[in-house]
Amino acid sequence: MKPFAYFRAESAEEAVDAFAGHERAQYLGGGTNLVDLMKLGVAAPDLLIDVSRLPLDGIEETPDGGLHIGATVRNSDLAAHPAVRTRYAALSQALLSGASGQLRNVATTGGNLLQRTRCTYFQDTSKPCNKRTPGTGCPARDGVHRDLAVLGHSEHCVATHPSDMAVALAALDATVHLSGPQGTRAVPVTGFHRLPGDRPDQDTVVRTGELITGVTLPPVLPGTQCGYRKARDRTSYAFALASVAAVLRVESGVVRDAALAFGGLAHVPWRGRAAEEVLRGAPATEETYARAADAELAAAEPLRDNGFKVPLARNLAISVLAELASRT
Amino acid sequence: MTHAHSPLGTPAVRAEARAKVTGAARYGAEHTPPGCAYAVPVPATVARGRVTAVHDDEVLALPGVHAVLSHENAPRLKEPDDPILAVLQNDRVPHRGWYVALVVADTPENAAAAAEALRVEYAAEEHDVTLTTGHPGLYTPEEANSGVPAVRERGDFDTACPAAAVRVDATYTMSAQHNHPMEPHASTARWDDGRLTVYDSSQGSTKVRDALAQVFALEKRQITVVSEHVGGGFGSKGTPRPQVVLAAMAARHTGRPVKLALPRRQLAAVVGHRAPTVQRVRLGAGADGVITALAHEVVTQTSTVKEFVEQAAVPARVMYTSPHSRTGHRVVALDVPSPSWMRAPGEASGMYALESAMDELAVAAGIDPVELRLRNEPETEPDSGSPFSSRHLAECLREGARRFGWEERDPRPGVRRDGDLLLGTGVAAATYPVLVSPSAATAHAAPDGTYLVRVNATDIGTGARTVLAQIAADVLDAPLESVRVEIGSSDLPVAPLAGGSSGTASWGWAVHKACALLAERLRESPGGVPAGGITATADTERELAEDPPYARHAFGAHFAEVQADTVTGEVRVRRLLGVYAAGRVLNPRTARSQFIGGMTMGIGMALTEHSTMDPAFGDFAEHDLASYHVPACADVRSIEAHWVDEDDPHLNPMGSKGIGEIGIVGTAAAIANAVHHATGARLRDLPLTPDKVLPHVGPAR
């Protein structure tokens, strides 16, 4: 076998320290993606630093009325948390629409953000892939790509980010907390993942040795509604063909606040800033939602076989916004 | 013949249920002889060409590696009947994923790492993996799968069809599908003084033993193949697969027992699949809907390794009145993996097309689709003219319609809404032939009042072990608990594989005969059972020497209610109901499981399952159960299986027809017809995934 060392860290500091000096160390959360990739030969760490049992498994109210989620909180626990279900329903819905019950029981908040694309070329070491082996090419562009990106892709990579959770976090303006050799920092979820550009091997802005310690959700203004909807090939245990997370506050028939994020369309959870501009201050009507979706999706550049994602995402956005508005 | 308290026909629980849920039941890869080594095959990474170098020296230096086998050094095999078993015999690569080497090491991890590290060089040639109806390589084969004639003509279709008052001309396509049983194919092989023992995940170990005897030039008695428990096969384990030959070869080469469990991601290329098909169906009927002309023409693909022709046009020879008929198959050999059996080969693909065309005819003629089928019930089997031994399709349709609430159906398509959802219902018929093969069995009575039945049946999850005990207990007039059944080893009396929905009929007949003989001997032994017991042996060669003069088929009717989401294009099945006429049902518990299992697989066929041929690389893109979408529990909401009693004296002593496959046969068509009823769109390309449906249902806004 390909030998690797295993170290179970007792604290975040210990984990970060253990990383130092290792070329190919990786943090191990629930392992639902990393272990698969190791079996496939896609990932070959020389050191696994097990952070799944760090004391980062709490969900706590923040002084400003937000919520702090520890990095090792399991997806199932996060989805079931009363504060998440009531104030951040989009997050709970997104989590419950992902993977399977068994996987959600194991997968962690930090690991979910760091999961890698399910592009079949990336997972197959007998084929080229710029993300796995930079410079080898992207056969997906002209190959089997029905499930892949329509927004923000590059000639080097058309992969999508597979997470549902991250899409909800992007719409909810969550912040990711990192701890690394140079100290701690906070990165907005919307700036956490990268577009592929000419470096598709880099999924995120995480620096070598940095560890996710938690995620913070900002407080929710009264009257705000949020929700998540996902389209997929089968009813459970399938990645999103497209998904939408939306946050909406309507007063007197006018959109006061709106945040929108798309899943399954891009290398990142795609925050819909252009759509939000259309929404803010506009009448809360389906016509507005359609204009907003169109404004966002105007940038779409579908590949040969995934053009359906554009009308699908449009329909999802309109449907979710209309549903949220109907509750206010 | 059935006595008052006979267990036959009762819902007896599976004999091995406890062993399975406690983990005591052992599968092919769960036998680990002392000193066992582990083998991992190396698949070709080109779709066509030759192997020019195998750098085994680099890998032999890795930790724990015992051997690297390739065409350069692998033992020569005698030519097998099935060319897919001629592994590592030459440098030719007929398709991507074909095995070009085998690494044997001391641990599974070392073997996997070495297999991944092995550098193989190729002289790649241009490949052709794309099926088109205009492919210049298309030809008409002699036969299609199961030995049926590739082409049949009756009457004069070309004249009759244009003259018909109502006509349908439609082409249906579907991509390849894979069996993907829960247990991947696996073998553990051991040689002891020239004797070979193999634990193999197979649907029939007699057949595996015979194939091994052939390629290794051994006597059959020198080989034992054990398939005691098998985690599903769906046809993919019906024929011996490369892993069993490779494991035996590696064990002989290294002098150690060798275990070889195929990784899931390799299966798509080496254990068969349902071939993609393009099916054109033309129907001509009178204004009353009675069919005068029927053509069902199939275009499909095979590999360059062997000819396998999915016999999709065959059900059209059985189903409906059709005085003028043409049914035919054309096939092209491409640089693709070899297709093979997948649950109801021929019938599942063919009835999707035929039953969709029947729905189109019903719409065109303005006749209810149940009524249309009733009007086209034939007197005799259309193709052969033989009388049916029993045919209760009409009863299935009527009973299904009653249970489903069909009579209230508004035939107009695209008019039922529930919020964003469009709702619809559909019906389709099902058929599957009655197959049976000769089998042997022994029945033994012990002095303590217990019985032992021995037959090399295979229980691939169906309940075979249980139902054979029920048959024995019935004939012996004994409590079910007093009968033990030993199956799953080629040392047992010779028996055919679990396939073609024929297992229970074939094995059960032999068990029935052996037990009847034993009962007779017991009656002749008034002093009771002697210390050594009494054994009776039977085989059914004589009974099956001649085919009876009847057309023998099981029939069924499927009813589906679907919703199509106008926002997403997602189609989900709300209700699925099947009614079957399949002879006598011997165990309602396990039979129901078979029926609804087939129907669930039909949901997959209709909505979620597809294997995408990647034209650039020549392999199937889906390599795991995350990307190859078999239905999840959430995809199966309400599912019901019922049956009508059928008393058919022309089958076997139990009066049963096969039930393993018919559940899938009409399901995809019923669902696709319901999608038409829901949306008004006739979508003729399976599976009906959101990308295909969405353009036809939305946007609602």
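**Contacts in a predicted model**

Author: A:Ala171 touches A:Ala90, A:Cys226, A:Ala245, A:Ala246, A:Val247, A:Ala259, A:Leu260 and A:Ala261, leaving aside residues up to four places away in sequence. Contact means C-beta atoms, placed from the backbone, within 7 Å. This is a predicted model, where local features need pLDDT of at least 70, side-chain atom pairs count only at pLDDT 80 or more, and totals for chains, interfaces and linings use all residues. Residues are numbered from 1 along each chain as its sequence is written, while chains are lettered from A and ligands numbered from 1 in the order in which they are written.

Reader: Which residues touch the most other members of the largest nonpolar core?

Author: A nonpolar core is a set of buried Ala, Val, Leu, Ile, Met, Phe, Trp, Tyr and Cys residues joined through C-beta atoms within 7 Å. Buried means 20 or more other C-beta atoms within 10 Å of a residue's own; exposed means 12 or fewer, and partly exposed lies in between. The largest core holds 325 residues, and those touching the most other members are A:Ala171, B:Ala39, B:Val103 and B:Ala472.

Reader: Is A:Asn33 buried or exposed?

Author: A:Asn33 sits in the loop between β2 (25–28) and α2 (34–40) of chain A. Helices (H or I, at least four residues) and strands (E, at least two) are DSSP runs, numbered from the N terminus. A:Asn33 has 22 other C-beta atoms within 10 Å, so A:Asn33 is buried.

Reader: How far apart in space are A:Asn33 and A:Asn112?

Author: A:Asn33 touches A:Gly111, A:Gln115 and A:Arg116, not counting residues up to four places away in sequence. A:Asn33 and A:Asn112 are 79 residues apart in sequence. From C-alpha to C-alpha, the distance in space is 8.7 Å.

Reader: At what angle do the axes of α11 and α12 of chain B cross?

Author: Axes are lines fitted to C-alpha atoms, for helices over the stretch in contact, and angles run from 0 to 180 degrees between N-to-C directions. The axes of α11 (464–476) and α12 (503–523) of chain B come within 9 Å. Their crossing angle is roughly 30°.

Reader: Which helix gives the most to the side of chain A that touches chain B?

Author: The contact takes 29 residues from chain A and 33 residues from chain B. On the chain A side, α10 (286–297) and α11 (309–326) each supply at least two residues. With 6 residues, the helix that gives the most is α11(A).

How values were computed. Contact = placed C-beta atoms within 7 Å.
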